[in-house]
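This report concerns helix packing and backbone geometry. The sequence and the structure are shown first.

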Amino acid sequence: MSEVDPGLEPRPWLEALAEATAELSTTTLELDGCSILGPRESEGDLSGGYIALIGDKCSVQIAVAASPETCRTIAGRLFEMNAEEAQDLPEGDVADAIGEVVNIVAGGVKSRMAPYDATLQLGLPFVIEGVIESTKRLRTEYLEADLGGGMKVVLVAIVDTRHAANAAA
């Protein structure tokens, strides 16, 4: 874990998110393994599942974002479908699957970050298509990963620094 304050910086959350995503890749999705490709400047125009983790010391949003095609493939893997069957999934089922993926990953992040803030609670997952704009009080970092089989995703950690400042007061 990084030596920075997780209440102020997204890096520790992104590291926990990468570990939890790698675990999801090899267990739930039954892929060969996740590899981290490196940082990104933004998530780009992608669809993604977002979820809040809120505790006494912090307020964080994490996300797993990908192209619509990759989201559909991930949904198919989650539903144990072959690639052809996954192409016929309704958009609502794809969104539900991506929400469930980020929920599973958030549980892994929560357990990894419990030593920092044992009061963490998960919010409800939601799915967005497009770009999320940051504000001055938010610190955001992005990391590109390959879940396996060329399924590239962008991992996002957004820390609300105002919450950390209020918790410290």
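Is Glu30 buried or exposed?

## Basis of the model

The model is predicted: local features need pLDDT of at least 70 and side-chain atom pairs count only at pLDDT 80 or more, while totals for chains, interfaces and linings use all residues. Residues are numbered from 1 along each chain as its sequence is written, and side-chain values use heavy atoms, with hydrogens and water left out.

## Positive phi angles

Glu30 is exposed, with a relative accessible area of 59% (buried means under 20%, exposed over 50%, partly exposed in between; 1.4 Å probe, protein chains only). Glu30 lies in the loop between H1 and strand S1 (35-40); helices (H or I, at least four residues) and strands (E, at least two) are DSSP runs, numbered from the N terminus. Although not a glycine, Glu30 has a positive phi of about 55°.

Glu80, in the loop between H2 and H3, likewise is a residue other than glycine with a positive phi, near 55°. Glu80 is exposed, at a relative accessible area of 70%.

## Buried residues of H2

In helix H2 (residues 68-78), the buried residues are Thr70, Cys71, Arg72, Ile74, Ala75, Gly76 and Leu78. Their packing partners include strand S2 (46-54), strand S3 (59-66) and helix H4 (91-113).

## Packing of H1 and H4

Helix H1 (residues 11-26) packs with H4 at an angle of about 125°, with the axes 8 Å apart. Axes are lines fitted to C-alpha atoms, for helices over the stretch in contact (heavy atoms within 4.5 Å), and angles run from 0 to 180 degrees between N-to-C directions. H1 and H4 are therefore oblique to each other (under 35 degrees counts as roughly parallel, over 145 as roughly antiparallel, 65 to 115 as roughly perpendicular and the rest as oblique).
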